[in-house]
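Keep the structure open beside you as you read.

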Amino acid sequence: MLLEAQNLSVGYGGAPAITDISIAIDAGEIVAVIGPNGAGKSTLVNCIAGLLRPQAGRLRFAGGDLAAVAAHRICGQGIALVPEGRRLFAGMSVQENLEIGAYRRGARQMQLEGIERVYALFPMLRLRRQQMAGTLSGGQQQMVAIGRALMARPRLLLLDEPSLGLAPSVVEEVFEVVRAIHAQGIAILLVEQNVALALAIADRAYVLEEGRIVAAGVPAALLAQSRIREAYLGL
Amino acid sequence: MPHLTLLEQALISGILAGGLYGLLALGLSLSWGLLRLVNLGHFAMALLAAYLTWYLGTAFAIAPWWAGVAIVVAFFVYGVALHWVFMRFRVTEMGSMLITFGIAVIVESTIQTIWTADFRRYETALAGASFVVGALYVPMLNLAAFVVAALLAVLTWAWLRFATIGKALRACAEDAPIATAFGINHRALSFLLSGICAAYAGIAGVFIALIATLAPSEIWTWIGVVFAVVIIGRLGNPIGALAGGILIGVCEAMTMAVADPAWAPLVSFSLLIALLLFRPRWI
């Protein structure tokens, strides 16, 4: 297993946000985490990325203990985050945002090559490379956020709500890119409100409710459960 | 109406004085803009550096540049230590203002205890030196201060703009958790920046010793002017700090020449209030 969480609990102050969660992601897999607002999906992703530290349980990546790694070294292990709401460095240019993506030692030497690869994936970003990231449209910002994460050359890409606030045509474009990234052999943990899209693309999925995992399996098996169909697809 | 030469002379001394304001504003602007810490102790440390330069020079005959080197190193260490305290106690922007106000008071009292409240003047060989352009005098030391201020502002700007560490610092200022997620060691960088800001206070102090008459209460006269400079120049913008310093320096000098020296302090704040009210695009 590339990533393995066992009985993981994370909270803010005294209040637990996720409790006793066990998930696993294999190399090259797309795993979706779905669930209602406030279920703890972002907490899970942010904990894996090092923004939040686990309070209990184990979190292992490529055989090593992530809880023992300093927050700024987690990226160096091969984990990159596309955060919810994109969180670009708004006052910095598109190119500078991408450069920050390749800040970690293992990626810095390959920065120029990485930038070329991102521009090949998102040709329109090349035209806007000197523009302040904060002045881009939502879809373009999402592309910079994905590009910034790819610059870190991750083995595991954490995608937190990539379709949030985007027009349907742009959402399709983003998911095309997610497929292309997956085709390069990068494992993806996808948190997504758009359950139909997430289940269409995922190899496996977990359903998170009130901080606990209530169902897990391949998309077809989850969709066979009427409770999940009703709750998340309204069918 | 004053004579044209008087106005030209006022312009030159205004620009040169503005360089010193910019130099003082630089460290304050960087720590406020990039670390979100308002360091009122900055002025006190600059004055301490000025007294140290004067004292080392008059009591031990140590040349100001050697004193400067020692001060820069010592102040860098102080800046790192100060930031350690801020980090250790999770000091907020507002809290930093109160704590550094306390530091300023302590430093002022310390200066007063050691060197008394008497005015001090550092007499160096270059103190009166100036060269003449037409009918105008350009004092050497003031020009040197201006050149150093401009050089530091440009270098710092280029460092933030083009260097990997400079970009990382800007990223941290915008979103520290995300910067950390991309491998930036926010703590280490903020220690470095805090040290640099304190070192800048030291450099400013050396020139204050060479140019100005020293008195412990000088700390408080600078706070108003340099605050205005920092805000006019935009937080965290080194070139802006220099430009703001020159703007205020020139306005003050012109006021002194045209009206009365007593009006000069009014100028910086009137200018600040006017700029904040009308907010031109570059602010």
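Over all chains, the count comes to 9 aromatic pairs, where rings of Phe, Tyr and Trp (its six-membered ring) pair if their centres lie within 6.5 Å, and planes under 30 degrees apart count as stacked, over 60 as edge-to-face and the rest as tilted. One of them joins Trp54(B) and Tyr55(B): the ring centres are 6.3 Å apart and the planes stand at 50°, so this pair is tilted. Tyr55(B) also pairs with Phe60(B), and here the centres are 5.8 Å apart with the planes at 85°, so the pair is edge-to-face.

This is a predicted model, in which local features need pLDDT of at least 70 and side-chain atom pairs count only at pLDDT 80 or more, while totals for chains, interfaces and linings use all residues. Residues are numbered from 1 along each chain as its sequence is written, chains are lettered from A and ligands numbered from 1 in the order in which they are written, and side-chain values use heavy atoms, with hydrogens and water left out.

Trp54(B) is buried at 9%, Tyr55(B) is partly exposed at 33%, and Phe60(B) is exposed at 52%. Together with Tyr51(B) and Trp115(B), Trp54(B), Tyr55(B) and Phe60(B) form one aromatic cluster.

Now turn to where the chains meet. In contact (heavy atoms within 4.5 Å) are 22 residues of chain A and 18 residues of chain B. The buried area, meaning the accessible area (1.4 Å probe) that two parts lose on being put together, summed over both, is about 1,800 Å² between these chains, and carbon and sulfur atoms give 64% of that. On the chain A side, His72(A), Phe89(A) and Tyr103(A) lose the most area to chain B, together 34% of what that side buries.

Charged groups also take part. Between chain A and chain B there are 4 salt bridges, each a side-chain nitrogen of Lys or Arg within 4 Å of a carboxyl oxygen of Asp or Glu. In one of these, Glu96(A) partners Arg170(B), with the closest N and O atoms 2.9 Å apart.

Definitions and conventions: Buried < 20%, exposed > 50% of the residue type's maximum accessible area, 1.4 Å probe, protein only.
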